[in-house]
Structures are given as structure tokens and as C-alpha cells.
Amino acid sequence: MTRPLWTIGEIAKAVGAKSSAHPDAHVTGVSIDSRSLAPQEAFIAIRGANHDGHGFVAAAFTEGAACAIVEKGFPAQGRADKLLRVTDTLAALRDLGSAARARVERAVVIAVTGSAGKTGTKEGLKLALSPSGSVHVSAKSHNNHWGVPLSLANMRRGVAFGVFEAGMNHAGEILGLSKLIRPHIAIVTTVEPVHLGFFRSVAEIADAKAEIFESLERGGAAILNRDNPYYDRLRRHALEHEARVIGFGAAKGAEARLLEVDLRADGSDVKADILGETISYRLGAPGLHLVQNSLAVLAAVKLARANLASAARALSRWSAQTGRGERVVIDTGAGRLALIDETYNANPASMRAALATLALTPREEYPRRVAVLGDMLELGGQGPKLHLELAEFVDAAGVDVVFACGELMVGLYDSLPPSRQGGYAKTAEQLAPLLAKGVGAGDVVMIKGSFGSRMAPLVEALQRHFDTAGAQA
Ligand SMILES: Nc1ncnc2c1ncn2[C@@H]1O[C@H](COP(=O)(O)OP(=O)(O)O)[C@@H](O)[C@H]1O
Ligand SMILES: [Mg+2]
């Protein structure tokens, strides 16, 4: 019989709690959300900014929780036999994560950080490493002070590879995550001006990302973007921690180097030199930015001593995820419209990448290029300037018409010639009817903005609009 993820006895020991439950009782997962909890999982009651998990302990038991970790003093509610009491439940989650990390001493552990591309790169690593052994990756974008320990706590003891996303809004955050992950390999996808509200400069952002090297395991490696202006700065940090430094990119001297690339709307054909081995592969999702990420993935595969050829083959199944470049074709009744859904989030780097990728759609298929742009948030005082600077990339992508919403995007919109102004509204919601009227068959429409700009409903609104339009036709 395979061993369970945890027994209650092991959890109690890891978090330093007494438990009257049967110590050998099986626990199949660790959850902090009663809504997604599966039977036999352990529930940890975390105090969040908006909710206190202690209010959902009863719900967790209704869903079949094997046990719950709660703060001392929490009323037993007839479940005393299934409660593990601690002074600090978040600390307990960290302890459990550390215990999970400690027991996989033979696994290769990889941490992924960077200003954009963390989640995609993590998923790419899962694809690429799977042919070589079992892979555990963080769920969704779980990359913060609770997401990282939760991801660790759900790692099975026998995995061959563990891949964890580490994110941050301010300095010091990644340091704590690095201590928990203790990676053998740390990837920094790219360094860009994001979360500038909390930093004085992009150099400071680079320094904060470099905290990932702090708890690198002895003999570990740093995989860094050779094409990024902060490469040297990151490299210096990595060397201070005695890391082996591997650069990826198109630049001469990159150890994971792009040799040739054919960028198309449905993916890319790539030839690369990965630490001395030349390899050709097809990447299943479009954009040079994803090609870059794939070089980091293959460098990690090679360093992890996994199979490079099967990894490269697996990358043909790399797909753009919901809100991160996913392509939907809508039948308008009068012809096809292609929708590129980039509504999950936006910063200047991912905006540039999305615009460049929009330009890969052949004119013969979709003659008109439309960009629907919402505000990029958390840029501090630099916000207005960084929005205006997109104009150059809108031009370069050959965008014919721009729709825009938000107080920051108005600057860019006003700077465009009237012939390229499709419509502007303060909010995405108000933009929806203008957009529905303004686009149609033969258009490729890319929609992007920060999560807080609420662009996702625009995708749904367009789909609904053409559903009804199609039905009437
Ligand atoms: N290397 C990159 N440079 C610029 N943009 C990127 C890069 N990798 C991915 N992106 C874009 O950034 C957005 C977020 O991607 P995601 O993988 O979710 O990143 P993260 O987890 O860092 O937020 C997507 O629109 C994606 O296409
Ligand atoms: Mg993410």
C-alpha cells in the first residue's frame, strides 16, 4: 500500500501539537479553504486579511476533514478528538511545509521567481520533467507566505522533482519563501518594473528577487535571463551564494542559448543550445517571451539530470492558460473573430509580450488587429509614463484599433491618432457595449489589463454578444 501524504501523528509532531486522534489515521491533503477541501484532508484555520479560517472549521468537518489545526482556546464543538491546537496556525503551516521539504532529501527542488512568467514556467517544468519522474508543483499561482508552505505541505514524500513558485510585493518576502523551499535550482524569469509602488527602482526589485539565492542548497544553481539588463546584478548576488550561474536567452555567452526561432500564431519552432547540447523543439503556445521561459525550463531539466530529449518533446503540449494568452475563436455569424484572452494580469513587460504576440496573427486570416487595454496597476508614480510608453509597442505590433479603459490608459489612448481610437470608457464595464459594437468578423482582439482592472468580464461580454448575434443571424 502506498503511504499516505501524512498521518495525523506526523502532522502533530511537525506542528508541535498534542492530538487525541489515532496517530496512524491517514491524511490525503492539506487545505486552508473549506470550499475546496476534499474528504480526509487536514484543514488549517488561517487568519487572513478578510476571513478567519476558524469560522470555517465546522464546514471543513462537514466536508469530511480528517483533522483541523486551530489556535489554542478554539471551542471544541464536539470535535476535540480531531483538533490539533497550536499558538499560531500560520506558523504551523510553515512547520508542516518545512517538514515536507525535509523528508524529500532525494528530490530535486526548483524555485521559480521573476516579474512575469512564474506560473507558466512552473507549468512548463511540470510538462518537461514528467517523462523523467514524478513532479509536484504548486497549485495555481500559490506563491506567497501561505501559498508556498501550503504547496510544500502537499508534496508527497517520494517525488523526484518539486517545483515551487515564489512571488513578492516587497523586499524581504522572498527571503522567507527561499528558507522554506531550500531550492537546488533557482530560476529568475525576468526583472521588470512591477510593484513599483513598493520599490524605488528596478535595481531594488532585482535585489529582492535575488533573495531566492539565500537558501539555495550547497552546490545549487541559478538560472538567469541573460538578455535582461539586470543579469549582471543578479549574477553577482548568485555568486555570493556560491551558486553555479547559468544564463538563458539569445545573448552570446548564454549557456542555454536561443539559436533559431520561427514565431507563429499557434506556437514556435525553436533550435537551442542547452548547456552544450543542441536541440530542436516545438513550443505549443505563441510568443518570444514563452520561448525565453522554455530555455530556462530546459536548462533546469539538464541541471536536474532529467531527460532533455523527452522534455523538449513534451513542450509541444505547452499551452497558454486561461487569461494568459488563451485563444478563443468566436463565430460572429458573419465570419470568425479571434479573441486573445490576456485578462489575468498585466504589467509593462507582459503588455509588450502580449502586443508582440498579437502581431503574429497573419493578416490573411484576420485582417484587423484590435488591442483592448486596461490599466496596469501598482506602478506607483511611474504609472502614467509606463502607460504612455506602450505607444511604441502598439505601433510595432501594427495594431489598427485600440479600445481602452482606466485612468492611466487614457494617456495612451489620447496620444493615438483618431483613426486608431476605437473607444474609451472609465471602467471595463462601461467599455463593454462600445467594444461589442466596434469589433466583428475578421478581427483579432487581444484584451489585457491588471487583475484589478476587471477585464475578464469583457471576454464574457463579447462571447455573449456574438452568441445572441449569431443566433439572430
Ligand atoms: N518572460 C516573460 N516576459 C514577459 N511577459 C511574460 C513572460 N512570461 C510570461 N509572460 C506573460 O505574463 C503574464 C503572466 O504570466 P504568468 O506565467 O502567470 O506569470 P506570473 O506567475 O509571474 O504572474 C502572461 O500574460 C504571460 O503571457
Ligand atoms: Mg503566478
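Modeller: Domain bounds here come from an automatic or database domain assignment. Keep in mind that this is a predicted model. The assignment gives domain 1 (6-86), domain 2 (104-317) and domain 3 (326-472). The centres of domain 1 and domain 2, taken over C-alpha atoms, are 33 Å apart.

Colleague: What makes up the contact between domain 1 and domain 2?

Modeller: Six residues from domain 1 and five residues from domain 2. Being in contact takes heavy atoms within 4.5 Å. About 510 Å² is buried between the two domains, and carbon and sulfur atoms give 54% of that. On the domain 1 side, Trp6, Val30 and Ile32 supply 71% of the area buried against domain 2, more than any other three residues.

Colleague: Why is Glu10 with Arg157 called a salt bridge?

Modeller: The cut-off is 4 Å between a side-chain nitrogen of Lys or Arg and a carboxyl oxygen of Asp or Glu. For Glu10 and Arg157 the closest N and O atoms are 3.1 Å apart, so the pair meets the 4 Å limit. The count between domain 1 and domain 2 is one salt bridge, along with three residue pairs in polar contact. Strand β3 (residues 29-31) gives the most to the side of domain 1 that touches domain 2, with three residues. By class, that side has three nonpolar, two polar and one charged residues.

Colleague: How many salt bridges turn up in the whole structure?

Modeller: The search finds 24. Among them is Arg352 with Glu192, whose closest N and O atoms are 3.2 Å apart. That pair links distant parts of the chain, 160 residues apart: Arg352 is in helix α11 (residues 348-358), and Glu192 is in the loop between β10 (185-188) and α7 (202-209).

Colleague: And the aromatic pairs, how many are there?

Modeller: The count comes to one aromatic pair. The ring centres of Tyr413 and Tyr424 are 5.8 Å apart and their planes are at 40 degrees, so the pair is tilted.

Note on methods. Residues are numbered from 1 along each chain as its sequence is written. Chains are lettered from A and ligands numbered from 1 in the order in which they are written. This is a predicted model: local features need pLDDT of at least 70, side-chain atom pairs count only at pLDDT 80 or more; totals for chains, interfaces and linings use all residues. Side-chain values use heavy atoms; hydrogens and water are left out. Buried area is the accessible area (1.4 Å probe) that two parts lose on being put together, summed over both. A polar contact is a pair of N or O atoms within 3.5 Å; within protein, one must be able to donate a hydrogen and the other to accept it, and residues adjacent in sequence count only if both atoms are side-chain atoms. Helices (H or I, at least four residues) and strands (E, at least two) are DSSP runs, numbered from the N terminus. Ala, Val, Leu, Ile, Met, Phe, Trp, Tyr, Cys and Pro count as nonpolar, Asp, Glu, Lys and Arg as charged, and the others, Gly among them, as polar. Rings of Phe, Tyr and Trp (its six-membered ring) pair if their centres lie within 6.5 Å; planes under 30 degrees apart count as stacked, over 60 as edge-to-face and the rest as tilted.
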